Amino acid sequence: AYQDPDTSQRPRTLYRSRRYRVIAGVCGGLAEYFGWDPTVVRLLFVASFILPGPQAIFYLVAWIVMPDEP
């Protein structure tokens, strides 16, 4: 993936995405952090609801804890 030379010098920080926001920007922020496609992250997250677990709680906690992208 192409990286803007301006951002390559800064350390990677996990933010909620403003660019790829659908609900709160959590999946978009994770996708930007790891360099993945935001749609893939969203699909994986939705597919994870097939399995039992605290996915909704994780999303809510991430929504509260992750800062907005500056």
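**Basis**

This is a predicted model, in which local features need pLDDT of at least 70, side-chain atom pairs count only at pLDDT 80 or more, and totals for chains, interfaces and linings use all residues. Residues are numbered from 1 along each chain as its sequence is written, and side-chain values use heavy atoms, with hydrogens and water left out.

**Overall make-up**

The chain has four helices and zero strands. Along the sequence the pattern reads α-α-α-α. Helices here are DSSP runs (H or I, at least four residues), strands are E runs of at least two, and both are numbered from the N terminus. Of the 70 residues in the chain, 27% are buried. Buried means under 20% relative accessible area, exposed means over 50%, and partly exposed lies in between (1.4 Å probe, protein chains only). Contacts are heavy atoms within 4.5 Å. Among contacts between residues at least 6 apart in sequence, 45% join residues at least 24 apart.

**Helices H2 and H3**

Two packed helices are described by the angle between their axes and the distance between the axes. Helix H2 covers residues 26–34 and helix H3 covers residues 38–47. They pack at an angle of about 125°, and their axes are 8 Å apart. Axes are lines fitted to C-alpha atoms, for helices over the stretch in contact, and angles run from 0 to 180 degrees between N-to-C directions. H2 and H3 are therefore oblique to each other. The cut-offs are under 35 degrees for roughly parallel, over 145 for roughly antiparallel and 65 to 115 for roughly perpendicular, with the rest oblique. The crossing of H2 past H3 is right-handed. A crossing is right-handed if the near helix is turned clockwise from the far one by less than a right angle, and left-handed if anticlockwise.

On the H2 side, the contact is made by Cys27, Gly28, Leu30 and Ala31. H3 brings Pro38, Val41, Arg42 and Phe45. Six of these contact residues are nonpolar, one is polar and one is charged. Nonpolar covers Ala, Val, Leu, Ile, Met, Phe, Trp, Tyr, Cys and Pro; charged covers Asp, Glu, Lys and Arg; the others, Gly among them, are polar.

The buried residues of H2 are Val26, Cys27, Gly28, Gly29, Leu30 and Ala31. Their cover includes H3 and H4. Just after H2, Gly35 takes a positive phi of about 75°.

**Residues around H2**

Gly29 sits in helix H2. Its relative accessibility is 2%, so Gly29 counts as buried. Leaving aside neighbours within four places in sequence, Gly29 is in contact with Leu14, Tyr15 and Ser17.

Ser17 lies in the loop between H1 and H2. Its relative accessible area is 0%, so Ser17 is buried. Residues up to four places away aside, Ser17 touches Gly25, Gly28, Gly29, Glu32 and Glu69.

Ala24 is found in the loop between helix H1 (5–8) and H2. Ala24 counts as buried at 1% relative accessibility. Beyond four places in sequence, Ala24 is in contact with Arg16, Tyr59 and Trp63. Ala24 and Ile64 are 40 residues apart in sequence, and 9.6 Å apart C-alpha to C-alpha.

**Aromatic pairs**

The whole structure holds five aromatic pairs. Rings of Phe, Tyr and Trp (its six-membered ring) pair if their centres lie within 6.5 Å; planes under 30 degrees apart are stacked, over 60 edge-to-face, and the rest tilted. Two of the pairs are described here. The ring centres of Tyr33 and Phe34 are 5.0 Å apart and their planes stand at 90°, so this pair is edge-to-face. Phe45 and Tyr59 make a tilted pair, at 5.4 Å centre to centre and 45° between the planes. Phe45 lies in helix H3 and Tyr59 in helix H4 (residues 55–65), so the pair ties together parts that are 14 residues apart in sequence.

| Residue | Relative accessible area | Class |
|---|---|---|
| Tyr33 | 25% | partly exposed |
| Phe34 | 42% | partly exposed |
| Phe45 | 18% | buried |
| Tyr59 | 12% | buried |

Phe45 and Tyr59 also belong to one aromatic cluster with Phe49 and Trp63.
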